Structure formats: structure tokens, C-alpha cells
Amino acid sequence: MNAPDRNFKLRPAANKAERGVGARTPLVDGIEKVTGTARYTADLPANGALVGKILRSPYAHAELLEVDISEAAALPGVRCVITGAECDTPYGVIPIAQNEYPLARERVRYIGEPVAAVAAVDEATADLALSRIRLRVRELPAYFKAADARGANAVLLHDNKQGNIEREVHNEFGDTAAGFAAADLVREETYECAEVHHAMMEPNAALAAWDTERGHLTLWSVTQVPYYVHLTLAQCMAMDPAHIRVIKPFVGGGFGHRVEPLNFEIICGLLARAARGTVRLLQTREEAFLTHRGRPETQIRLKLGLTRDGRMTACQADIVQRGGAYGGYGLVTILYAGALLNGIYDLPAVKYDGYRVYSNTPPCGAMRGHGTVNSRFAFESLLDTMAAELNIDPIEIRRRNLLRAPTDTINGLKVMSYGLGDCLDWVEKASDWKQRHGKLGAGKGLGMACSHFVSGSAKPVHFTGQPHATIALRLDFDGAITILTGAADIGQGSSTIISQIVTEVLGVDHRRLRLIANDSAITPKDNGSYSSRVTFMVGNAAADAARKLKAVLLAAAARRLKIADAEVDWFGEGAASTLDPDRHIPFEEIAEEALVGVGMLTVNGTFTCPIEFQGGKQRGGAVGSTMGFSYAAQAVEVSVDPDLGKIRVDKVWAAIDCGFAINPMSVEGQVQGAIWMGMGQAMYEETVYENGRHRATNMIDYRVPTIVDSPEIEVHIVESMDPNGPFGAKEASEGPLSGFLSALAAAVEDATGHRYRMLPITPEKIFAVRQQQIADANQGTAL
């Protein structure tokens with residue numbers, strides 16, 4: 001590992017206008033986005049491109065007896081029609097769990113699964129061709145709930161997965177039996193969270209160009225991880241990776257939907273090759289819902305033990321996830337759900353049983369707060385319930401179980417920095433918690449919760465022996481410094497963070513920098529934008545590259561000034577002699593000297609997580625491992641109309657320990673976004689299937705929070721200065737999400753007297769509980 005700069009000290013506020021670390025810097029790609037000049041995949045010019053379209057299965061589960069494309073292929077203007085016969089190689093994001101094909105082969109397993117695809121001269125012809133494809137099938141029993149798929153006589157969705165279990169996890173750390181025996185209070189409850197979708201702003205799209213003479217493919221797509229797409233195209237198309245180029249243009253959000261290589265990307269490449277040309281494949285919003293990869297429907301049975309003074313003694317969790325039809329990220333998701341019960345509180349014993357179940361629904365995958373959100377909702381909710389029984393304040397009971405960093409958790413996770421106590425202190429004071437909790441009157445409530453998340457997965461999906469992150473800095477005759485990165489900025493601001501780090505280390509004017517990202521023919525490979533890894537890992541690589549380039553420039557300045565390296569006074573846009581300050585030279589001269597005899601300079605910076613941070617030795621122990629956890633606490637104030645069942649979130653106070661805020665403005669925006677996404681899952685969002693057919697595949701029927709619903713959100717940044725993060729930084733985007741769910745449930749309980757254990761908390765559920773409360777009161781009066 002390249003050591004971070006532990007001698008870093010905050011620069012004076014007056015210097016932050018230089019747009020180094022700690023400055024409230026506008027996003028480097030903000031101008032293009034707000035002026036409408038940013039080009040997304042669907043905007044890219046492609047004269048003469050064919051129109052690609054996908055035929056999707058109308059069956060939830062069926063054996064494919066025949067896919068007759070003869071009539072479609074004969075239509076004028078149709079350049080090609082492909083089926084599952086075009087690719088006999090399965091794919092998937094996890095190398096040991098690849099069981100999905102770009103186009104279905106032998107069987108379809110959910111409504112909406114791609115079966116065939118066409119490329120035609122225009123959209124009307126493509127649509128007509130789809131209508132001429134004939135399917136002959138034998139329908140099979142379909143299962144839309146995890147319990148049904150696990151039934152004794154259930155047909156297997158995949159012959160090698162008995163009981164329709166994709167992955168089951170069983171582990172115990174510490175002695176839970178002894179922990180529960182030592183507890184003064186033991187409680188067990190069941191919680192349920194609906195399946196939810198990412199609802200990213202930009203629909204899916206891909207553009208593929210086939211070079212017939214060379215046998216090369218260029219693909220532009222909306223991916224979060226161009227590297228995974230590159231590998232998958234090579235695998236599914238049986239091509240040399242050297243003959244493939246993958247480019248990520250601007251991307252309008254991802255939230256995990258685009259972490260995996262997705263079927264439409266591979267289909268687009270297959271169509272381009274079959275048509276021997278360029279194919280544009282634009283997906284509708286409905287198709288985005290069917291491609292899915294959202295957070296799975298989850299049932300959680302949680303048991304917790306506490307002493308009478310509120311100290312945790314043991315935890316036991318039984319979690320079942322409905323994972324959809326294919327593997328995807330499922331085996332990681334079910335591991336995360338158990339692993340990250342740890343790492344936030346001083347928990348001496350945990351027993352976990354997790355089951356990821358196949359079903360005839362669109363595949364689930366990674367989503368913001370991957371694997372942790374639903375289990376955190378259950379844990380924080382039960383902790384609140386037990387605190388009330390013990391007559392201990394919710395904030396106080398969490399204080400009594402704080403960790404002390406540095407420490408190792410019982411399942412082998414390392415906690416190197418820990419600002420949760422400071423987060424709690426601020427939330428308590430800012431929300432006036434002691435004076436207001438439980439005292440706001442009927443219909444008003446205040447609740448709180450805590451949460452955490454990893455700053456990147458410490459062990460990569462693909463074990464190549466290469467660094468976990470690489471940044472290249474290029475200097476040429478014009479004096480510009482070009483940052484070359486494979487890290488995907490999908491709206492989270494990673495390109496800005498990288499630029500600020502390079503600016504800080506070199507001390508140059510930020511306008512001297514340009515950043516080029518995500519073109520496999522130009523930029524270095526990056527492992528991708530997932531699990532909040534970019535700031536921590538790519539940020540460290542950027543700092544490493546900048547330090548190396550600075551050393552080259554210092555040596556060049558010394559040569560030009562004819563002094564020793566140690567006598568150079570470096571001030572970014574130039575240098576001077578420490579012995580004679582009047583002898584100084586501008587950056588242009590330094591760059592000119594640095595290029596003498598070598599020409600264009602390129603230096604690489606890298607970062608790799610040390611093995612000791614890569615998790616415990618147990619099977620699956622790498623999942624949840626990281627070099628730094630973010631921590632968050634939040635309080636939520638609500639108003640509840642019991643007659644209409646409507647919740648209004650009035651205000652949220654959120655504190656985030658992000659180590660060090662490289663860009664405070666960006667951190668605040670990420671926390672606000674996490675809270676909005678938490679609001680959606682807690683109050684509105686739910687994917688509902690009727691006989692396997694998605695009931696809400698548009699942004700009207702699938703309800704997400706809008707600006708009208710947004711409360712005032714007050715964000716406070718806690719800087720615990722992680723010893724391994726770049727300038728002390730950790731992640732800031734995913735950790736705050738999961739805390740909102742249980743904080744809202746606590747606030748609603750404070751307002752109504754009822755604890756909701758099933759998400760989302762909709763008006764229908766509140767109204768039903770209210771009617772039951774009235775009926776119970778009337779019955780009591782009658783008695």
C-alpha cells in the first residue's frame with residue numbers, strides 16, 4: 001500500500017479558493033450538466049446507426065421449445081435477428097456465480113427476460129420485426145415469493161441449486177448462547193422490507209460499432225464499471241479483449257443498477273457484429289425496471305440481548321432475500337447483510353443465518369448501501385423497542401455501546417477511525433432531542449438511528465494481482481497536466497475529488513488540470529464505482545501519482561535553477577531558490593526542463609489494500625472488509641395525519657463521519673441524496689408483481705420522493721481523520737441511507753404509538769392501524 005500523507009494539516013481557509021482539498025468546489029463537470037451540453041449515451045451522434053430492439057418473454061417460467069425468427073429476418077430493412085444461439089457462454093458479475101445468458105437459452109425465468117433481438121434501419125421496422133417472432137414454449141410452475149420457491153416440491157429454477165437457494169450463509173462469532181444467557185432482556189421480532197428499484201434518472205442505453213475489416217468492437221454504455229463490461233463482452237462474444245474498446249460517456253445516476261454488466265450491453269455488441277455495422281439500443285423506463293438489479297424483498301427475524309444498563313450481549317439474525325431469477329451480486333448481498341451487523345457497535349456475539357432464494361422475478365443486485373440497509377433497519381428498530389422497555393433514551397443506549405478505534409470486530413473487520421459518538425452528540429443538540437423527543441404532542445414525532453458503510457470493498461471481485469486503483473498523470477509541451485482515470489463518475493462527483501487531490505499535492509492552478517475518464521483505449525483500468533471505493537482507493541492513487549510527478553518537477557526546477565533539489569522552494573505555479581528568493585521560474589519553464597530528453601511524461605500512481613484489511617479467514621469473510629467505515633447518526637421529525645394516513649417529514653438532522661471532507665459541498669449533497677433515497681424506501685417505493693408481471697414500470701406508478709416531499713435537511717460533517725484515507729477521507733454517500741428507515745419508523749411511533757415493522761410505511765398501513773386502534777378503544781369502552 002502507498003502510505004497516505006499523515007502529516008497533512010488543513011490549509012488556511014483563505015487558500016481553499018485554490019480548489020484543493022477541503023474547498024467547497026463546484027463539480028468539474030457541472031457546467032456541461034447544467035447547460036445541457038453534456039452528452040449521454042443516447043445523445044451520441046451515430047450517423048447511419050441501426051435501431052436495436054429486444055423481444056422480452058411474456059412468460060414467468062417456461063421451457064423454450066422454439067424461437068422462430070424466419071418471418072422477422074425476411075422483412076425488408078431488417079439487418080439481423082439474433083437469439084440465445086448467438087451466445088452459449090453464461091455471464092455474471094461474480095466469477096463463481098455466472099448463470100445468466102444475454103438472450104435466454106432453453107428456458108425463460110421471468111417476465112421481461114430477453115429472448116431475441118433485432119437490428120433494423122428504423123424503429124418502425126424493428127418493432128414490426130419483433131412482432132413477427134414466434135415463441136413456442138412449455139410453461140412451468142412459477143414462484144414469486146421466496147417461501148414458495150423454497151417449497152418441498154418446487155421446480156428448480158437452476159438444476160444445480162437445490163431448494164432454489166442461490167447461497168446460504170451460516171456463521172457465529174462469539175458465544176451467542178452465553179450472551180443471551182447473560183442478558184437481562186431478550187427480545188425477538190420479525191421485519192419485512194419490500195423490494196425496491198434504483199430509479200436512476202437516465203434510462204439504459206448502449207451504442208456499439210463493429211469494425212468489419214479489423215474485427216474490432218467499440219461500445220459506449222451507461223455502465224458504472226467499464227472494466228466489467230469489457231471483460232464480459234470478451235467472454236460472451238469470444239473475442240480477444242485487445243479487440244474491444246469500452247467508453248463511458250456522461251451517466252445520469254446508477255446507485256448500483258449499473259455495477260453489473262447488463263444484458264442489453266452484450267446484446268448491443270452481438271447485434272453490431274451480426275449486422276456488421278453500428279447499432280444503437282435505447283431502453284425504455286419499463287425495460288430499466290425489468291433489467292432491475294434492485295434491493296431484494298427481505299424477511300428478517302432478529303433477536304437481541306441487552307443487560308439492564310443497555311449493554312449489548314448477543315445478536316442473532318435470520319435473513320431471507322428474494323433474489324430473482326439469476327445470480328448476479330446475490331451471494332455478496334446475502335453475505336453483506338450479516339457481516340455488517342458488525343462494525344458499528346461493540347457487539348460481543350453474533351449468529352447469522354442467511355438465505356438468498358431464486359424466484360421468477362427480475363434479478364436483484366447491488367443498490368446504494370449494498371446488503372446492509374434492510375438488516376440495519378431491523379437492528380436499529382429492535383434496539384429502540386428494547387431501549388423503551390429498559391427506560392433508556394435511544395441516543396443514550398447507543399452511546400453505551402460505542403466502539404473505540406482502532407479495533408478489530410469479532411468477524412475480522414478493522415475499524416481505524418470512529419466518529420459516531422460525535423455524530424450522536426451533534427444530532428442530540430441540533431434536534432433539541434432531550435427537550436422534544438416524546439413531547440411533541442399527538443401526530444408529531446421525533447426518532448433517530450445510526451448507520452455505517454464501507455469505504456470500498458478491500459478485496460476486488462477479480463483477483464489479477466494488479467493494484468486496486470491506478471491513476472496516470474501526463475505532462476506534455478503545453479504545460480497542461482492531464483489526469484487519466486478509469487474511475488466512473490456517475491454523478492457522485494468522483495472526478496472532482498480526484499482533481500482536488502491532484503491540485504492539493506501539486507499546488508498548481510486547478511485550471512492547469514484536465515481530466516479524461518473511462519476510455520479503455522486511453523485511460524488505465526479501474527475496478528469501478530461501487531461500494532463507495534473511489535474516494536478512498538482512487539483518491540489514494542491520485543495522491544500517489546501527484547507526489548511522483550511533483551518529485552519529477554522539483555528535480556527539473558533544481559536543474560533549471562542550478563541548485564540542489566533540497567534548495568527548491570516549490571509553490572505550484574513556479575519555484576524559487578530558498579537561498580535566493582529573487583531567483584524564481586514559472587511552471588512553464590519547469591515543465592520545459594522536465595521534458596528535455598524524454599518528451600511527454602506519464603507517471604502512474606497506485607493503491608492496493610493490504611492483506612490485513614481484507615477480512616477474516618472464514619468463508620465469505622472478505623465481504624464487508626474495508627480500510628475505513630463511515631458512520632452516521634440522524635434524527636427525523638415527522639407529522640402524521642392519522643385520518644389520511646399521510647406522513648410528512650418536517651426536518652432531518654444528519655451527521656456524517658466521513659473522515660475528512662475533501663469537498664464539503666459534495667459531502668452535503670451526497671448525504672441529502674442518501675436521505676431522499678431512504679425516504680423512498682421507507683415511505684413509498686415497492687416493486688409489486690402480479691403473477692410475475694411488474695405492476696409499476698414507470699415513474700408515475702412507481703412513487704419516489706420529489707422536491708415537493710423533501711424536508712429541510714441539516715447536515716453536519718464530523719472529521720475523524722482516518723489514518724489510511726487520502727488526507728483522512730472516507731466514504732460519505734451510502735452510510736447515511738440505512739439510518740433513515742428506522743429513524744422514520746421511530747418518529748412515526750413517537751407520533752402514533754405504533755411501531756411499523758414492514759416497509760414501506762404507506763398511508764394504507766397507517767390507516768389500517770388507526771382503524772384497529774379505534775376498534776380496540778371502542779371495545780375497551782364497551783367492556
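**Ground rules.** Since the model is predicted, local features need pLDDT of at least 70 and side-chain atom pairs count only at pLDDT 80 or more, while totals for chains, interfaces and linings use all residues. I number residues from 1 along each chain as its sequence is written, and side-chain values use heavy atoms, with hydrogens and water left out. Helices (H or I, at least four residues) and strands (E, at least two) are DSSP runs, numbered from the N terminus.

I looked up an open sheet of three strands and found the order β4-β2-β6, with antiparallel pairing (strands pair if DSSP finds at least two bridges between them). Its edge strands, each pairing on one side only, are β4 (107-108) and β6 (134-139). Strand β2 (residues 62-68) and β4 are held in antiparallel pairing by two bridges.

**Strand β15.** Next I went to β15 (residues 350-358), where eight of nine residues are buried (under 20% relative accessible area with a 1.4 Å probe, protein chains only; exposed is over 50%, partly exposed in between). Strand β7 (residues 165-173) pairs with β15 in the antiparallel sense over eight bridges, and Glu 172 sits opposite Lys 351 of β15. Strand β14 (residues 312-324) runs parallel to β15, with nine bridges joining them; there, Cys 315 has Val 350 of β15 as its bridge partner.

**Helix α14.** I checked the length of α14 (residues 494-506): its 13 residues should span 18 Å at 1.5 Å a residue, and the end C-alpha atoms are 19 Å apart, which agrees (the expected span is 1.5 Å times one less than the number of residues). I found 13 of its 13 residues buried. Just past the helix, Gly 507 has a positive phi of about 75°.

Ser 499 lies in α14 and counts as buried because its relative accessibility is 11%. Leaving out residues up to four places away in sequence, Ser 499 touches Val 28, Ile 483, Leu 513 and Leu 515 (contact means heavy atoms within 4.5 Å). From Ser 499 to Ile 31 I get 468 residues in sequence and 15 Å in space, C-alpha to C-alpha.

**α15 against α16.** Helix α15 (residues 534-561) packs on helix α16 (residues 587-595) at an angle of about 95°, axes 8 Å apart. That makes the two roughly perpendicular (65 to 115 degrees; under 35 is roughly parallel, over 145 roughly antiparallel, the rest oblique). Axes are lines fitted to C-alpha atoms over the stretch in contact, with angles from 0 to 180 degrees between N-to-C directions. The α15 residues meeting α16 include Val 552 and Leu 553, and those in α16 include Phe 587 and Ile 590.
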